[in-house]
Amino acid sequence: MKKITIAIDGHSSCGKSTMAKQLARELGYIYVDTGAMYRTVTLYALRRGLFDGAGNLDETALKADIDGGKVQVSFVINPESRLPEPCLNGEVVEDHIRGIEVSSRVSVIAALPFVRAALTLQQQKMGGEGGIVMDGRDIGTVVFPHAELKVFVTASAEVRARRRYDELLGKGQEASYDEILRNVQERDYIDSHRAVAPLRQADDALLLDNSDLTREEQSRWLLERAREAMAE
């Protein structure tokens, strides 16, 4: 079977990364979590103190740092899971980018044209030869508009908030379900209404609502669609 490019887009906290990782593992493909890239830039901005007390971002300073090469986002393979983990200037930051502080600000970072341009170029270089599964918000519409398989994933806001809440508790982190639900709803609005590369389902993308599906059911569905696309 030929190697294809698989683009998985959808709302926050709907399990895109989990299913994309599983699919890449089963196909022997490269997996790239583009959401982690935007979260990594957000972490940089937080550490650099570019958000003021009111949550406003110093965009000029961030752009200067990105243009000046001070924000390097990369991936390294975890030797145990054999999956890529995001790095900020060489530091593995997977455990630092999933909390509510980053989650509450990542949509602001992701809406910036200069951030999207820089990361989109990097993503396109990663997947130029196929054999890749990439998930995010604009993979099927902007990054890889000609991907052989596009899937748009969604679930109710309440289901997604509960999943993120359980995930954080499982990692031993404090979490508030109500705060996470508000964050999910706010991110949905911002992601769908931003001027540059808004979140939307590509015209030729398959819709997957996994509100009532188990991980095994959605993984089986996705694998079947991938094999169909590879056989064409």
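1. Glu217 is found in helix H10, which covers residues 215–231. Helices here are DSSP runs of H or I with at least four residues, strands are DSSP runs of E with at least two, and both are numbered from the N terminus. At 33% relative accessibility, Glu217 counts as partly exposed; buried means under 20% relative accessible area, exposed means over 50%, and partly exposed lies in between, with a 1.4 Å probe and protein chains only. Glu217 and Gly127 are 90 residues apart along the chain, and their C-alpha atoms are separated by 27 Å.

2. On the basis of the note: this is a predicted model, in which local features need pLDDT of at least 70 and side-chain atom pairs count only at pLDDT 80 or more, while totals for chains, interfaces and linings use all residues. Residues are numbered from 1 along each chain as its sequence is written, and side-chain values use heavy atoms, with hydrogens and water left out.

3. Helix H1 comprises residues 16–27, and its twelve residues should span 16 Å at 1.5 Å a residue, which agrees with the 16 Å between its end C-alpha atoms. The expected span is 1.5 Å times one less than the number of residues in the helix. The buried residues of H1 are Lys16, Met19, Ala20, Leu23, Ala24 and Leu27. Seen down the axis of H1, these residues fall within an arc of 135°, so they line one face of the helix; the arc is that of the directions from the helix axis to the C-beta atoms.

4. What covers the buried residues of H1? The cover includes strands E1 (5–10), E2 (30–33), E6 (132–136), E7 (149–154) and E8 (206–209), together with helix H10 (215–231). After H1 comes Gly28, with a positive phi near 75°.

5. Helix H2 consists of residues 34–47. H2 is mostly covered, as twelve of its 14 residues are buried. Among them are Thr34, Met37, Arg39, Val41 and Leu46.

6. Thr40 belongs to H2 and counts as buried, at 0% relative accessibility. Residues up to four places away in sequence not being counted, Thr40 touches Val73, Pro86, Cys87, Leu88, Val93 and Ile97. Contact means heavy atoms within 4.5 Å.

7. Ile109 lies in helix H5, which runs over residues 106–110. Ile109 is buried, with a relative accessible area of 0%. Its contacts, leaving aside neighbours within four places in sequence, are Tyr38, Val41, Thr42, Ala45, Phe51, Leu57, Leu62 and Val115. The C-alpha atoms of Ile109 and Gln218 are separated by 30 Å, these residues being 109 apart along the chain.

8. Rolling a probe the size of a water molecule over the atoms shows where empty space is left. On a 1 Å grid over the protein atoms alone, a cavity is a set of points where a 1.4 Å probe fits but cannot get out; a pocket is an open set with protein on both sides within 12 Å along at least five of seven lines; lining residues have an atom within 4 Å of a point. Grid points are joined across faces, edges and corners, and a volume is the space filled by probe spheres set on the points.

9. The largest pocket holds about 750 Å³ of space. Of its 33 lining residues, Gly15, Ser17, Thr18, Arg164 and Glu167 are the closest to its centre. H1, H2, H5, H8, H9 and H10 each supply at least two residues of this lining. The lining divides into six nonpolar, ten polar and 17 charged residues. In this classification Ala, Val, Leu, Ile, Met, Phe, Trp, Tyr, Cys and Pro count as nonpolar, Asp, Glu, Lys and Arg as charged, and the others, Gly among them, as polar.

10. The second largest pocket holds about 170 Å³. Its lining residues include Val41, Ile66, Val73, Val115 and Gln122. Helix H6 (113–126) and strand E3 (73–77) each give two or more residues to this lining, and the largest share, four residues, comes from H6. Seven of the lining residues are nonpolar, four are polar and none is charged.

11. The structure holds one cavity of 30 Å³ or more. About 40 Å³ of space lies in the largest cavity, whose lining includes Ser13, Arg98, Arg164 and Val184. Which helix gives the most to the lining of the largest cavity? H9 does, with three residues.
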